[in-house]
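User: I am new to this structure and would like to learn how to read its features. Please take me through them one at a time.

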4 protein chains.
Amino acid sequence: MGNFDILRTARIVLHVTDLEKSKAFYDTLGFVLTEEDENALYYRGYEEHNHHSLVLKQSDKAAVEAIGFKVRSEQDLDELEALFRKQGAKVKWLDKGAQKAVGRALRVQDISGLPIEFYAEMDVVERLLQRYNLYRGSKVQRIDHFNCAVSDVQKAYDFYTKTLGFACSEYTVDELERNWACWLHRKPNVHDIAFMNNYGPRLHHIGFWLPDPLALIDTCDILAASGYASHIERGPGRHGLSNAFFLYLRDPDGHRIELYFGDYLTSDPDFEPIKWNLDDPMRQTFWGHAAPDSWFEETSAVLDIETGEIVDVKEPKLERKKPQFII
Amino acid sequence: MGNFDILRTARIVLHVTDLEKSKAFYDTLGFVLTEEDENALYYRGYEEHNHHSLVLKQSDKAAVEAIGFKVRSEQDLDELEALFRKQGAKVKWLDKGAQKAVGRALRVQDISGLPIEFYAEMDVVERLLQRYNLYRGSKVQRIDHFNCAVSDVQKAYDFYTKTLGFACSEYTVDELERNWACWLHRKPNVHDIAFMNNYGPRLHHIGFWLPDPLALIDTCDILAASGYASHIERGPGRHGLSNAFFLYLRDPDGHRIELYFGDYLTSDPDFEPIKWNLDDPMRQTFWGHAAPDSWFEETSAVLDIETGEIVDVKEPKLERKKPQFII
Amino acid sequence: MGNFDILRTARIVLHVTDLEKSKAFYDTLGFVLTEEDENALYYRGYEEHNHHSLVLKQSDKAAVEAIGFKVRSEQDLDELEALFRKQGAKVKWLDKGAQKAVGRALRVQDISGLPIEFYAEMDVVERLLQRYNLYRGSKVQRIDHFNCAVSDVQKAYDFYTKTLGFACSEYTVDELERNWACWLHRKPNVHDIAFMNNYGPRLHHIGFWLPDPLALIDTCDILAASGYASHIERGPGRHGLSNAFFLYLRDPDGHRIELYFGDYLTSDPDFEPIKWNLDDPMRQTFWGHAAPDSWFEETSAVLDIETGEIVDVKEPKLERKKPQFII
Amino acid sequence: MGNFDILRTARIVLHVTDLEKSKAFYDTLGFVLTEEDENALYYRGYEEHNHHSLVLKQSDKAAVEAIGFKVRSEQDLDELEALFRKQGAKVKWLDKGAQKAVGRALRVQDISGLPIEFYAEMDVVERLLQRYNLYRGSKVQRIDHFNCAVSDVQKAYDFYTKTLGFACSEYTVDELERNWACWLHRKPNVHDIAFMNNYGPRLHHIGFWLPDPLALIDTCDILAASGYASHIERGPGRHGLSNAFFLYLRDPDGHRIELYFGDYLTSDPDFEPIKWNLDDPMRQTFWGHAAPDSWFEETSAVLDIETGEIVDVKEPKLERKKPQFII
């Protein structure tokens, strides 16, 4: 492992096909709009002191441009560049100023083909954590994690744990004990990124942290009252895997948002990753509710960091299974 | 209308086929066991000062023996007897002492064939409302309402509103504006009893009041951790009709329990009953979730007050529809 | 008792000295502004289908103009007029149209000198119960009760229970078993009006119902973030008496608002009123917190229904005690 | 800074004078009793996979024996030993097996005189996070932090940040901009340890993490119903500093427990420590409630790691101030 420190899940850059529709949706959810221009919206949660964690860019097709992690220092970026170049990955720099509010950024197409971004610097803005009079909607606190579909989970697992320094909190194996899905973290909660066996590379969802369980119930009421009931895809429910109280939403382009509350501390080296078997009923929604087919089948396309074109997906290496065990 | 005062939904007498299995289930839900003997369990909620609101009797078949309302006075019972006799209904008295903790009780087979019971007196026991150290499970506060399947909703509606003095809070009509389901109350919240168009007479569910929305979430976690995940049938969710936050459970015999929180005050004569159309999406679960088929198709048999045999059901008068709009 | 039916606590008419300051405060609390003009603001809760439950009128002195109850019918008003005239009370009619949105209203100076109002009719407006996207602040659902300071609690108790048909849910006695405070209801929860021993007639507070306990916590956060921390007078806490979760606020004129959640059903004639002794520690805040002196000593003046002048107070008949036991 | 990695706040060893009384109290709070013997009780939270985070030892005087941090590896302990020896601190080893369930432990008297313990290994037991049917009381999830009174905050701050590698999240300065109190963390939330200006070395409180805000409200109800109302010292309330929802309790020996929910992520190097001035009203309880005098004046004595005697306290270097701003 190289000499760098990836801090945490930091931001996502999504392409959307109708910025006004997206804005109406994310505003209803109470995301804080830090800044906007003709082509993009920059949102953050109430707890976040950085400029944004969610970028929506106007485009002709819905897709994921970048999955961003924050690193400790500028040198970490150089270390990471060397590492990815050595691996033969596509690598690209974006200078400071090339992206709104973001410092120098390193983009790579990772081992699964995902468009990953690293940066150390983002503009600091006012943190609204105690501006309770401004809270609306879901009271989104901060970005928490990414969940990605990849064709070879074991390969992704190996690279992220052995080379990038992620630790595994929980994982799922099939009947042959093969790695079917895994939850990996840098900050000490359940995950910064998860990989699951499916057509990939694709993005399954982005997780945002809520302040309490009732904020999640309130979200359902507010969405329904706003005409967005059909955007509630799954939940509210309790995940067996991660223990979080969850709600899955689909934005106007079908990008999937998870509102997520209450996992646990994973700081300890003597904490053994929790293994779940695909056919263990406790692995599913802890309460036994099935996930809808869409939750299993629909994911967001990701873009090539060089061409900007949608990356072709590969067949999953292991057999695909019904959706319930993926969180 | 006669000179009597039906106060509220008061108790249900259920027949169950395995008292030990039932006890394990209702204990997990945190119902307070006031008393038990070889043949029966007597449960109440933490707020209730009367001996019980739920009786489970050992039997060879699962069924509903009596759907009980409390009236203001003993004279009210005589008034009600006269009324039902005049109507030609089956009527039966149970003397004080014939039933555990209950005073003189009048049982009738109502206009839909449901086994209804009226009584004015029940033993008073310690109310545990502020004994928070004893709270467990769902923290059930009190019985709230009955929901019954009947073959002719309009007929039941007419009798309960015009003759028994119930008021209507909300109702559902089909495309021909026919009364498809109705929610009727004596105490001023949404209902003491609801009727819906289906094979009847049958009991759809019994509603119990919870102290707050999180008690409902906790219930799911506790049931799942206790091996009862498969007993969660529907929810948690928000009802469009009634606005309550709900969870539906099935007990070991399939009797359906609704945990229910937060409807509204219905004291005012100028409050117009809320009309819902069968095809209005807001009528369903407010958040747009569909109810499972079982919720629509499965109900509890009711007993003849004289023979103790299961009452035959009749075809519903109106077309049956998918379950989502029934609460 | 006469032949009339007082339904419930319905509205309060308060005089305030700076309408703009009051508006800023009540808007922060999320009250729904139905209508306003140069001289008055008309607010309601999200559940209420009547035009308002809180009127704020611009005046040169802060005071209570009317404490309003809704009755079932217009005839009830005539019955009540006869009753109060027979008793020798000051009585005054306000024609329909004399007050915004209110039908014919009867005002009386009650046995304690309080300016009580009765009416059967108020304009119906849109109920916002399921307009969750509009919810703000405390998510106030509806008006719940009045708490009044009177010089002779026993006299008020006798009149309201024997003549006006209120039932007692809980009461406090001093060491000589004298009625020191009492909670009386028409709708079946803990109270529509409470009387406590103090300089009177004065208004202690108006209670509003919240939808859940977290709305009360959120209120504290929102008020503090809005610069209103000093307006939080007491709580949050649990009342021993009534069992409600409570928060007391002072508006810009010092009028006291209680945000109140979760008492219990009081429909049953066999429910014995709960007696509390002044020196019973469970009578205080259930958790043992003391109330501040202001809570005991400060109340709102009430107006003479004829002259509009502030009614002089009398010494309380029993010894005044520290505030903790009053809710 | 040395080459070691302190992971987190891990356990406290308290001396209590009546083990049975302590057991009754902590059982009511729902702490999980992992093991007990004649002389000690070993408790953990529902989330914890290590044997315990709270040890209560029978003694003739109430005191703090050890304030424990978990480190990443055994080598870290040797590095820390060298560091403290170089500093001239009292240092002592406890072999693996000398303490129940704990590996080799290094104890030191730190720069403020506090008895600090480091260890890398503790027995792993069943984590009860999803055993919701076992949850009771406060549903304590895990230990979170220590708050200590020291006579020289700046000195403690310098040592913990510069030598031990802690980061500062928030701090309080007096009118001369001197460090009056500081909150320092290794795991990325607000603190693992806080220091405040007072007679020291003493322990102010131990913080435990709760799963949601209602668990804190429930705690008050359960304690009061169990006869422990007088053990509630302060709260519930919102801290300005840390933003947590809090409740302070005193155990039967006066040791102070904070139940704590909901601070924020502090992983980022570009997060500027938040400075509070002593006279800033937002620094106090966010809602403006004052803390009781006991909260400011009463703390737990700490023991000398060699003699086992109570360590003498020194005068605080800065002026002591009223308690509200300390959390």
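User: Which residues of chain A are linked in a network of salt bridges?

Analyst: Side chains of opposite charge can pair when their charged atoms come close. In this predicted model, a network of salt bridges links R11(A), K57(A), E65(A), R107(A) and E117(A).

User: How many salt bridges does the rule count over all chains?

Analyst: The count over all chains comes to 116. The closest N and O atoms of D268(D) and K70(A) are 2.7 Å apart, and both residues are buried.

User: Which residue forms a salt bridge with K70(B)?

Analyst: The partner of K70(B) is D268(C), with 2.6 Å between the closest N and O atoms. This pair also crosses between chains: K70(B) belongs to strand β5 (residues 63–71) of chain B, and D268(C) to the loop between β16 (256–261) and β17 (274–277) of chain C. Both K70(B) and D268(C) are buried.

User: What does the salt bridge between E298(B) and R250(B) link?

Analyst: The salt bridge of E298(B) and R250(B) has its closest N and O atoms 3.0 Å apart. It links distant parts of the chain, the two residues being 48 residues apart. E298(B) lies in the loop between α5 (293–297) and β18 (300–301) of chain B, and R250(B) in strand β15 (residues 245–250) of chain B. To read burial, take the relative accessible area: under 20% is buried and over 50% is exposed. R250(B), at 13%, is therefore buried, whereas E298(B), at 35%, is partly exposed.

User: Where is T285(D), and is T285(D) buried or exposed?

Analyst: T285(D) is placed in the loop between β17 (274–277) and α5 (293–297) of chain D. T285(D) counts as buried because its relative accessibility is 2%. The side chain of T285(D) reaches the backbone oxygen of H289(D) at 3.1 Å.

User: Now the interfaces. How many residues of chain A are in contact with chain D?

Analyst: Start with the contact residues, then look at the area and the pairs. Chain A has 35 residues in contact with 35 residues of chain D. About 2800 Å² is buried between chain A and chain D, and carbon and sulfur atoms give 55% of that area. Q130(A), L265(A) and D270(A) supply 19% of the area that chain A buries against chain D, more than any other three residues.

User: What does the rule find across the interface of chain A and chain D?

Analyst: The rule finds 6 salt bridges there, as well as 22 residue pairs in polar contact. On the side of chain A that touches chain D, β1 (6–16) and β17 (274–277) of chain A are the elements giving two or more residues. By class, that side of chain A has 16 nonpolar, 7 polar and 12 charged residues.

User: How is chain D superposed on chain B?

Analyst: Two copies of a chain are related by a rotation about an axis and a shift along it. Here the rotation is 180° and the shift along its axis 0.0 Å, with an RMSD of 0.0 Å. The two copies are thus related as by a two-fold rotation axis. The same surface serves both copies, since 100% of the contact residues of chain D recur in chain B.

User: What area do chain D and chain B bury between them?

Analyst: Chain D and chain B bury about 920 Å² between them, 58% of it on carbon and sulfur atoms. Each of chain D and chain B gives 12 residues to the contact. The rule finds 2 salt bridges across this interface. In the one between D218(D) and K139(B), N and O are 3.0 Å apart.

User: Last, a helix. Which residues of helix α3 of chain C are buried?

Analyst: In α3 (residues 153–163) of chain C, the buried residues are V153(C), A156(C), F159(C), Y160(C) and T161(C). These residues pack against several elements of chain C, among them α2 (74–87) and β9 (142–150). At the start of α3(C), a side-chain oxygen of D152(C) comes to within 3.3 Å of the backbone nitrogen of Q154(C). After α3(C) comes G165(C), with a positive phi near 85°.

Key
Residues are numbered from 1 along each chain as its sequence is written. Chains are lettered from A and ligands numbered from 1 in the order in which they are written. This is a predicted model: local features need pLDDT of at least 70, side-chain atom pairs count only at pLDDT 80 or more; totals for chains, interfaces and linings use all residues. Side-chain values use heavy atoms; hydrogens and water are left out. Contact means heavy atoms within 4.5 Å. Buried area is the accessible area (1.4 Å probe) that two parts lose on being put together, summed over both. A salt bridge is a side-chain nitrogen of Lys or Arg within 4 Å of a carboxyl oxygen of Asp or Glu. A polar contact is a pair of N or O atoms within 3.5 Å; within protein, one must be able to donate a hydrogen and the other to accept it, and residues adjacent in sequence count only if both atoms are side-chain atoms. Helices (H or I, at least four residues) and strands (E, at least two) are DSSP runs, numbered from the N terminus. Ala, Val, Leu, Ile, Met, Phe, Trp, Tyr, Cys and Pro count as nonpolar, Asp, Glu, Lys and Arg as charged, and the others, Gly among them, as polar. Copies are superposed by least squares on the C-alpha atoms of residues with pLDDT of at least 70 in both. Buried means under 20% relative accessible area, exposed over 50%, partly exposed in between (1.4 Å probe, protein chains only).
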